[in-house]
Amino acid sequence: MFAVIKTGGKQFRVAANDRITVAKIEGNPGDTVAFGSVLMLTDGEKSTIGAPFLGDITVAGEIVEQARGEKVIAFKKRRRQNSKRKRGFRAELTVVRITDILTGGKKPEMKKGEAAPVALKAGSETVKGKAAAKPAKAKTETKAEGLDASNLSLISGVGPTIEKKLRAAGITSWNDIAAWTEADVAKWDEELKLRGRATREEWVEQAKELLAGKPPRAKADQAELASGEDY
């Protein structure tokens, strides 16, 4: 029996006792994790495909260790602009051993001596006896002109395609982007193939400005052009 699961934006074919390396899952070695995003299950000659997921199938695993990937160097140079920048990035990874594939809506049982439950990335959850309920996402609002902080398109440089990528990665509000560090910017630039847009368009600064109550830069630029201040 094997299953195909999705976690951290990637798909993995797993069976009992397999070891996989996935995007970082918060937790300690020995903690039990459950992957609920199961795309397909094959048992013998019978295969079941989800639409997109199989709701009654859960893949249980155990955290083996927290690791880091190989260093990736991002070097950027602008011709004739006397500008160049070199940054290094190492992805945070988690090694997980698959313990069981549970069917019929069953959930993994708790293990003694585990740490307190912690929040995980989308598609996985820490299990302590019973499946941990995923908290409902609350709508985040800001006082800035009554705008919705979950509207990522108000950040200049974030179009429909990029917004879809960000939401798929779990980045759903200005607060998420405002909390990015330089390492986070490099990470998402590599994973989402932003081509330096986040740094060039100053997404972090824009998110902080919006949270502070300032109007979106795109609207401010349009207002300046309309008033002729740029001419």
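The exercises below, each with a worked solution, go through a predicted model of one protein.

**Exercise 1. State how many helices and strands the protein has, and what share of its residues is buried.**

Solution. Begin with the secondary structure: the protein has six helices and 12 strands. Then turn to burial, where buried residues make up 34% of the 231 residues in the protein. The accessible surface comes to about 14,300 Å², and 49% of that surface belongs to carbon and sulfur atoms.

**Exercise 2. Find the mean pLDDT of the protein, and then the stretches over which the pLDDT is below 50.**

Solution. The mean pLDDT is 81, and 78% of the residues reach 70 or more. Over residues 112-123, however, the pLDDT is below 50, although this stretch has 30 contacts in the model beyond near neighbours in sequence. Residues 127-132 also have a pLDDT below 50, and beyond near neighbours in sequence that stretch has 17 contacts in the model.

**Exercise 3. Follow the pairing from strand 1 to strand 5 and on to strand 6, naming a bridge partner at each step.**

Solution. Strand 1 (residues 2-7) is joined to strand 5 (residues 38-43) by four bridges, and the two run antiparallel; within this pairing, A3 stands opposite L41. Strand 5 in turn pairs with strand 6 in the antiparallel sense, again over four bridges, and here M40 has I49 of strand 6 as its bridge partner. The hairpin of strand 5 and strand 6 has two residues between the strands, and in this hairpin G44 takes a positive phi near 70°.

Now look at K46, which lies in strand 6. With a relative accessible area of 60%, K46 is exposed, because exposed means over 50%. The C-alpha atoms of K46 and M1 are separated by 9.6 Å, while the two residues are 45 residues apart along the chain.

**Exercise 4. Which strands pair with strand 7, and over how many bridges?**

Solution. Take strand 4 (residues 32-35), which pairs with strand 7 (residues 58-68) in the antiparallel sense over four bridges; in this pairing F35 stands opposite V59. Next take strand 10 (residues 92-102), which also runs antiparallel to strand 7 and is joined to it by 10 bridges. There, T58 stands opposite L102.

**Exercise 5. Describe helix 3 by its buried residues, by what covers them, and by what follows the helix.**

Solution. In helix 3 (residues 182-191) the buried residues are V185, A186, K187 and W188. Their cover includes strand 9 (83-89), helix 4 (197-200) and helix 5 (203-211). The charged end of K187 sits over the ring of W188, 4.7 Å from its centre.

D184 also lies in helix 3, but at a relative accessible area of 25% it is partly exposed, because this value falls between the limits of 20% and 50%. The C-alpha atoms of D184 and A91 are 9.7 Å apart, although 93 residues separate the two in sequence. Helix 3 is followed by K193, whose phi is positive, near 55°. In the loop between helix 3 and helix 4 is R195, which has a positive phi of about 60° although it is not a glycine, and which counts as exposed at 73% relative accessibility.

**Exercise 6. Is S173 buried or exposed, and is N17 buried or exposed?**

Solution. S173 has its place in the loop between helix 1 (160-168) and helix 2 (174-178). Its relative accessible area is 6%, so S173 is buried. Leaving aside neighbours within four places in sequence, S173 is in contact with A149, S150 and L152.

N17 has its place in the loop between strand 2 (10-14) and strand 3 (19-23). The relative accessible area of N17 is 56%, so N17 is exposed. The phi of N17 is near 75°, a positive value in a residue other than glycine.

**Exercise 7. How many aromatic pairs does a search of the whole structure find, and what lies over the face of F2?**

Solution. The search finds zero aromatic pairs. Over the face of F2 lies R13, at 3.7 Å from the ring centre.

Key. Residues numbered from 1 in each chain as written. Predicted model: local features only at pLDDT ≥ 70, side-chain atom pairs only at ≥ 80, totals over all residues. Heavy atoms only, no water. Buried < 20%, exposed > 50% of the residue type's maximum accessible area, 1.4 Å probe, protein only. Contact = heavy atoms within 4.5 Å. Areas by Shrake-Rupley, 256 points an atom, 1.4 Å probe, with all protein chains shown as cover. pLDDT = per-residue confidence, 0-100. Phe/Tyr/Trp six-rings, centres within 6.5 Å; stacked < 30°, edge-to-face > 60°. Lys NZ or Arg CZ within 6 Å of the ring centre and 35° of its normal. Pairing = 2+ DSSP bridges.
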